[in-house]
Amino acid sequence: MGFIMWIIVGGLAGWIAEKIMKADHGLLTNIALGIGGAVALNFVLGLVGVLIPSLIGQFAVAVAGACALIYGYRMIRS
């Protein structure tokens with residue numbers, strides 16, 4: 001994916017994760033969560049041999065990864 005697409009997909013994924021997890025973040029945090037979540041979860045999936053080639057699949061991975069990052073942050077903070 002191109003850099004601009006990373007930002008768009010990351011922002012949308014972070015925003016959806018924010019709504020799912022009932023969090024309140026800004027736009028830049030949503031983008032960072034979406035991109036970071038996608039990278040982290042793709043790394044973990046790659047370790048177990050799972051590859052997600054489609055854009056919709058990558059979007060779902062980004063949302064799940066962002067939710068995991070929000071959850072992890074909450075666990076560390078409390």
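**Exercise 1.** How close do the axes of H1 and H2 come, and at what angle do they cross? Work it out on this predicted model.

*Solution.* Start with the geometry, since two packed helices are described by the angle between their axes and the distance between the axes.

- Step 1: the axes of H1 and H2 come within 6 Å, crossing at roughly 100 degrees.
- Step 2: angles of 65 to 115 degrees count as roughly perpendicular, so H1 is roughly perpendicular to H2.
- Step 3: look at who touches whom. From H1, the residues are Trp6, Ile7, Gly10, Gly11, Ala13, Gly14, Trp15 and Glu18, and they meet Asn30, Ile31, Gly34 and Ile35 of H2.
- Step 4: sort this contact by class, and you get six nonpolar, five polar and one charged residues.

**Exercise 2.** Now describe how helix H2 (residues 27–47) packs with helix H3 (residues 55–77).

- Step 1: the H2 and H3 axes come within 7 Å and cross at roughly 100 degrees.
- Step 2: H2 is therefore roughly perpendicular to H3.
- Step 3: H2 contributes Leu33, Gly34, Gly36, Gly37, Ala38, Leu41, Asn42 and Leu45, while H3 brings Gln58, Val61, Ala62, Ala64, Gly65, Ala66, Leu69 and Ile70.
- Step 4: the classes in the contact of H2 with H3 are ten nonpolar, six polar and no charged.

**Exercise 3.** Which residues make the nonpolar surface patch, and which helix supplies the largest share?

- Step 1: the patch, about 770 Å², is made by Phe3, Ile4, Met5, Trp6, Ile7, Ile8, Leu12 and Leu55.
- Step 2: helix H1 (residues 3–20) gives the largest share, seven residues.

How values were computed: Residues are numbered from 1 along each chain as its sequence is written. This is a predicted model: local features need pLDDT of at least 70, side-chain atom pairs count only at pLDDT 80 or more; totals for chains, interfaces and linings use all residues. Side-chain values use heavy atoms; hydrogens and water are left out. Axes are lines fitted to C-alpha atoms, for helices over the stretch in contact, and angles run from 0 to 180 degrees between N-to-C directions. Helices (H or I, at least four residues) and strands (E, at least two) are DSSP runs, numbered from the N terminus. Angles under 35 degrees count as roughly parallel, over 145 as roughly antiparallel, 65 to 115 as roughly perpendicular and the rest as oblique. Contact means heavy atoms within 4.5 Å. Ala, Val, Leu, Ile, Met, Phe, Trp, Tyr, Cys and Pro count as nonpolar, Asp, Glu, Lys and Arg as charged, and the others, Gly among them, as polar. Patches are made of residues with over 30% relative accessible area and no salt bridge: like charges are joined within 9 Å, nonpolar side chains (Val, Leu, Ile, Met, Phe, Trp, Tyr) within 5 Å. Accessible areas come from the Shrake-Rupley method with a 1.4 Å probe; for residues, only the protein chains shown count as cover. A salt bridge is a side-chain nitrogen of Lys or Arg within 4 Å of a carboxyl oxygen of Asp or Glu.
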